[in-house]
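Here are my notes on this one, as numbered points. Have the model open while you read.

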Amino acid sequence: MTTHRSLYSQIPATDRLLRDPQFTHLLEKSGHTLMVSLLNQMQDEVRLHIQTQNVLPQWCNDWAQETEKRLTAQTQSALRPVINLTGTVLHTNLGRAQQAEEAIAAVTQAMRSPVTLEYDLDGAGRGHRDRALADLLCQLTGAEDACIVNNNAAAVLLMLAATANGKEVVVSRGELVEIGGAFRIPDVMRQAGCVLHEVGTTNRTHAKDYRAAVGENTALLMKVHTSNYQIEGFTKTVEEAELAHIGRELNVPVIADLGSGSLVDLSQYGLPKEPMPQEMIAAGVSLVSFSGDKLLGGPQAGIVVGKRELIAKLQQHPLKRALRADKMTLAALEATLRLYLHPEKLAERLPTLRLLSRDAASIRAQAELILPHVSAHFADFDVRIEPCQSQIGSGSLPVDRLPSAALTFTPRDGRGSSLEALSARWRALPTPVIGRIYDGRLWLDLRCLEDENRFLEMLLK
Ligand SMILES: *Cc1c(COP(=O)(O)O)cnc(C)c1O
């Protein structure tokens, strides 16, 4: 009991700490309120420690240092830059597409100053905020008009709500997808006030199924790109062009949720081809929606391109106001779309395409340059270069893999806990390095490694 009492008396009073010259700069930086609440929390922690363990915590010999450490941890941004070596290029949990320098500059400018968001400099009229981007999108896709919203999930919701509320929408059973995060086509239909009319079977849907489903209450025929899975074997689907033909014949518009979509033919970069919005428009699809931050490589956004009268319905619907994109998104998207006007430079300027189109040989060459520095530093691990397979991510091209190269770390003691500890240590770095544990090793796929100096600086700390 006596020990307790003398230990308690060693807890410094808040006032005394605040007057301590060592705390002056901390107080200046963080302010009185934050500081007092942190000190009180630390004092409580010490009391509990004494009560349970009958000693002071180690850090009590330097309150100023501990306070500074905790303040730094507390004030760290929730959106910390990381080095993504997971092998997934468009990693949803890491914020998907890295933006082009042109997009970054455009956002900075839009943030700093008033901009002509809905202001027409040559007339007095109030333009609508998607106008400039819609013109650009029409140029790129051949569509008549466009509409921009918060993300592609919002685009799908808005397309359905604005053009098919209270009516039936015909979709193949094989396309009733779940994207993740509770985005399921049947649920979105309900939220949009539409009646889902399923046709065909999981593996086979025919033109005659769509024809038989159309009745007087049918508002739309819809195609959903099965972006995150593939059905193989005895299958049959009706492609957009054929469906558009049926739609024209029966006088029912056809819409398509492309998911990712790509404005360029990816096969020219040695990548698997993803459906292109411009092909859908050319095939006669009335509305096509796709994401801004998947293969397009821009900011989070949902883009709808298509027929003028239908886009006008989307623009006028009350949900558009709730789902609209802000000026920063529009600025980044505009700058990104402009890069597509100069396709020869696209793979150099657009980070998503630059990373996806890196060939395995150049990634391996990079690994060979790095290996000597790294292996000398991690003596407890067998460090090697191994071929690996990167993924595109975000549900784009789910079964395709891109050949790449990784540094792998195998613990010499053979223990899984050593791997976990290494991975945790890298996650705790000022710029965390994120890899993947698989098959008894820690893998760092170097496909997305552009800043080698920062990486080595972190790893060799
Ligand atoms: C990714 C995806 C969505 C959702 O797009 P977000 O931009 O993430 O909201 C919707 N439909 C399909 C088919 C998708 O692949």
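1. Which residues are around the ligand? Going by a heavy atom within 4 Å, they are Arg96, Asn151, Asn152, Ala153, Ile179, Phe183, His225, Ser227, Asp257, Gly259, Ser291 and Lys294. Keep in mind that this is a predicted model, with local features needing pLDDT of at least 70, side-chain atom pairs 80 or more, and totals for chains, interfaces and linings using all residues. Numbering starts from 1 along each chain as its sequence is written, and side-chain values use heavy atoms, leaving out hydrogens and water.

2. Now the polar contacts (N or O pairs within 3.5 Å). Ser291 puts a side-chain N or O atom 2.5 Å from a ligand oxygen. Asp257 has a polar side-chain atom 2.6 Å from a ligand nitrogen, while for Asn152 a polar backbone atom is 2.9 Å from a ligand oxygen. Of the 390 Å² that the ligand exposes when taken alone, the protein buries 93% (Shrake-Rupley, 1.4 Å probe).

3. Phe378 and Phe409 have ring centres 5.5 Å apart and planes at 85 degrees, so they count as edge-to-face (over 60 degrees).

4. That pair links distant parts of the chain, 31 residues apart. Phe378 is in the loop between α18 (360-377) and β11 (381-390), and Phe409 is in strand β12 (residues 402-411); helices (H or I, at least four residues) and strands (E, at least two) are DSSP runs.

Technical notes. Polar contact = N/O pair within 3.5 Å; in protein donor to acceptor, adjacent residues only side chain to side chain. Phe/Tyr/Trp six-rings, centres within 6.5 Å; stacked < 30°, edge-to-face > 60°.
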